[in-house]
Amino acid sequence: MFAIDQQSYDVLVEHARAEYPNEACALLGGHDHTVAKVYALPNAEASPTFYVVEPKAQLRAMNEMDDRGMELVGIFHSHTFTEAYPSRTDVDLASYPDATYLILSLANPEAPQLRGFTIRDGKVDEVEIRVAPSPDPVGG
């Protein structure tokens, strides 16, 4: 199972909607399949059918995760017009077998659908995603 809090989920949906009609992308840092921080990043391709995380932004995010002792738990992108399932290109380019690949479909903009997958050696397996309440702010 992959756990994401409501606030992080909302950030992903907001980022996907802001980038629409192009695909949005993000990296998710955390521990044990649980998100601690969302890194909403630019799509260097600015395309509705393809994404490439902007390399300098990706390096900054990966360095910050290392500095904070986090691991890359998830790789996110949106599908603007198709279902939330890895495309052939997504499978071919998947290079982080330990990360969960999250895809948010905006095919129905009023009802975004988020699904998660592992992609190892070209094999796609769905992972259950649990959206949990966001933690209360400290002192709140």
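This is a predicted model: local features need pLDDT of at least 70, side-chain atom pairs count only at pLDDT 80 or more; totals for chains, interfaces and linings use all residues.

Me: Is Thr118 buried or exposed?

Reply: Thr118 counts as buried because its relative accessibility is 12%, and the cut-off for buried is under 20%.

Me: What does Thr118 touch?

Reply: Not counting residues up to four places away in sequence, Thr118 touches Ala99, Lys123, Val124, Asp125 and Val127. Thr118 and Pro97 are 6.8 Å apart in space, C-alpha to C-alpha, and 21 residues apart in sequence.

Me: On to charges. How many salt bridges are there in the whole structure?

Reply: A search finds six salt bridges. One of them joins Arg115 and Glu126, with the closest N and O atoms 2.8 Å apart. This pair links distant parts of the chain, as Arg115 is in strand E6 and Glu126 in strand E7 (residues 123-127), eleven residues apart.

Me: And how accessible are those two, Arg115 and Glu126?

Reply: Arg115 is buried, with a relative accessible area of 17%, whereas Glu126 counts as partly exposed at 48%.

Me: Which residue forms a salt bridge with Arg88?

Reply: Asp92 does, with the closest N and O atoms 3.2 Å apart. Both residues lie in helix H3, four residues apart, which is about one turn of the helix. Arg88 and Asp92 are both exposed.

Me: Which residues are linked in a network of salt bridges?

Reply: Lys37, Glu64 and Arg68 are linked in such a network. Within it, the side chains of Glu64 and Arg68 meet at 3.4 Å, N to O.

Me: What about Glu23, where is it found?

Reply: Glu23 is in the loop between helix H1 (6-19) and strand E2 (25-31). Glu23 is buried yet has no salt bridge, and the nearest side chain of opposite charge, Arg115, is 14 Å away.

Me: Now pockets. Which residues line the second largest pocket?

Reply: Glu23 is part of that lining, along with others including Pro48, Phe50, His79 and Asp90. The pocket holds about 150 Å³ of space, and its lining divides into four nonpolar, six polar and two charged residues.

Me: And the largest pocket, what is its volume?

Reply: Its volume is about 340 Å³. The lining has 18 residues, and Tyr51, Val53, Ile75, Leu93 and Ser95 lie nearest the centre. Helix H3 gives the most to this lining, with three residues. By class, the lining has 13 nonpolar, four polar and one charged residues.

Terms used: Residues are numbered from 1 along each chain as its sequence is written. Side-chain values use heavy atoms; hydrogens and water are left out. Helices (H or I, at least four residues) and strands (E, at least two) are DSSP runs, numbered from the N terminus. Buried means under 20% relative accessible area, exposed over 50%, partly exposed in between (1.4 Å probe, protein chains only). Lys and Arg count as positive and Asp and Glu as negative; His and the chain ends are not counted. A salt bridge is a side-chain nitrogen of Lys or Arg within 4 Å of a carboxyl oxygen of Asp or Glu. On a 1 Å grid over the protein atoms alone, a cavity is a set of points where a 1.4 Å probe fits but cannot get out, and a pocket is an open set with protein on both sides within 12 Å along at least five of seven lines; lining residues have an atom within 4 Å of a point. Grid points are joined across faces, edges and corners, and a volume is the space filled by probe spheres set on the points. Ala, Val, Leu, Ile, Met, Phe, Trp, Tyr, Cys and Pro count as nonpolar, Asp, Glu, Lys and Arg as charged, and the others, Gly among them, as polar. Contact means heavy atoms within 4.5 Å.
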